[in-house]
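Visitor: I am new to this one. Could you show it to me and take a few questions?

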Amino acid sequence: MMKPTYSVASNPAQQGSGSLHVRFAGESQTRPEHALGPKIYDHYLLHIIESGHGVFRTETDRYQLGPGDCFLIHPGQIVSYVSDASQPWRYRWVAFDGEQAGEGVSRSGLTPEKPVLHLMENNPIPGYVSLIQSHFQSREESSHIASIGYLHLIWAEIMNRSDRPSRLTLAEPQVQRTVKQMINYMASQYAHPVSIEQMCASLGYNRAYLSRIFKQETGMTPITYLLKLRIDQSKRLLRERPDLSIEQVSASVGLTDPLYFSRQFKRLVGRSPTRYRKDILSSSALT
């Protein structure tokens, strides 16, 4: 039988008006039949079980849990939990709250009605909780920021490894989600000389499939969409940054050939970049 242990570390940063705050993190090898509750908490409290077994109870359900399982206690929820008599569980926990906490929890799928998930035993969440605890123990000024980062990694891991279909999957078809991923990719990468081939490789689909579903959903090909996005952004730069040369504007929207940029700009806008800028500056001067 493992010797009972317990340690916890609190966030050295005072809780202010931040949108997300990690309160504390800890770990424990519990005693046999170690029990907590029934009680309520005023914050979220996530437990991840590393070994052993136990029972988690909410107001309506009872869960028999073991290694790899995690359970989330929601604020104001009456809960109790007790470790097994012969194989008491060892778990780690992290407590958090703040305005954005509910949104992150909702995206992870750990709802008050379904607060338990089974993950693989070798998942990295215990390691993230341990790192939060270590940062808090160090009392470093950066520990608060680090803890938020690790909490986001925990949520991402739960979303990725959960055997429960995500709300996003249930809410919209796969094709629409993939097209949104393409649009988000292009919106974040347009300033770099990326290609459609690179996007397809990043998303893990072949070009023919992505081109087909993208045109089906948007009415244009990915190449046309990316070019229009770049031209739209170049128009903004031409208006707002008169100090930039046409070559600099072209490079800033991911088009390394300024002659190609000028030809495509005139084709889509009806004027050359230079003419467009002069017209915009003239109209601004008149008003």
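Guide: The conversation below takes up salt bridges, nonpolar cores, one glutamine and the aromatic rings. Please keep in mind that this is a predicted model.

Visitor: Salt bridges, then. How many are there?

Guide: The count comes to 11 salt bridges.

Visitor: Which residue does Glu 27 pair with at 2.5 Å?

Guide: Glu 27 forms that salt bridge with Arg 90, 2.5 Å being the distance between the closest N and O atoms. This pair links distant parts of the chain: Glu 27 belongs to strand 2 (residues 21-29) and Arg 90 to strand 9 (residues 90-97), and the two are 63 residues apart.

Visitor: Is Glu 27 buried or exposed, and why?

Guide: Glu 27 counts as buried because its relative accessible area is 18%, and the cut-off for buried is under 20%.

Visitor: What other arginine is in a salt bridge with Glu 27?

Guide: Glu 27 also forms a salt bridge with Arg 92, where the closest N and O atoms are 3.3 Å apart.

Visitor: New topic: which residues touch the most other members in the largest nonpolar core?

Guide: That core has 27 residues, and those touching the most other members are Leu 46, Val 94, Phe 96, Ile 132, Ile 154 and Ile 158. Several elements each supply at least two of its residues, among them strand 2, strand 4, strand 9 and helix 2 (125-138). The largest share, six residues, comes from helix 3.

Visitor: What is Ile 158 in contact with?

Guide: Leaving aside neighbours within four places in sequence, Ile 158 contacts Leu 46, Ser 108, Leu 110, Leu 117, Leu 119 and Ile 125. There is also a second, separate core of 26 residues, which includes Ile 213, Ile 231, Leu 237 and Phe 265.

Visitor: Now the glutamine. Where is Gln 64?

Guide: Gln 64 is in strand 6 (residues 62-65). At 48% relative accessibility, Gln 64 is partly exposed.

Visitor: What does Gln 64 touch?

Guide: Not counting residues up to four places away in sequence, Gln 64 touches His 53, Gly 54, Val 55 and Asp 69. A polar atom of the Gln 64 side chain lies 3.4 Å from the backbone oxygen of Gly 54.

Visitor: Last one: how many aromatic pairs are there?

Guide: The structure holds 16 aromatic pairs. One of them is formed by Tyr 91 and Trp 93, edge-to-face, at 5.9 Å centre to centre and with 85° between the planes. Tyr 91 and Trp 93 are both buried.

How values were computed:
Residues numbered from 1 in each chain as written. Predicted model: local features only at pLDDT ≥ 70, side-chain atom pairs only at ≥ 80, totals over all residues. Heavy atoms only, no water. Salt bridge = Lys/Arg side-chain N within 4 Å of Asp/Glu carboxyl O. Helix = DSSP H or I, 4+ residues; strand = E, 2+ residues; numbered from the N terminus. Buried < 20%, exposed > 50% of the residue type's maximum accessible area, 1.4 Å probe, protein only. Core = buried A, V, L, I, M, F, W, Y, C linked by side-chain atoms within 4.5 Å. Contact = heavy atoms within 4.5 Å. Polar contact = N/O pair within 3.5 Å; in protein donor to acceptor, adjacent residues only side chain to side chain. Phe/Tyr/Trp six-rings, centres within 6.5 Å; stacked < 30°, edge-to-face > 60°.
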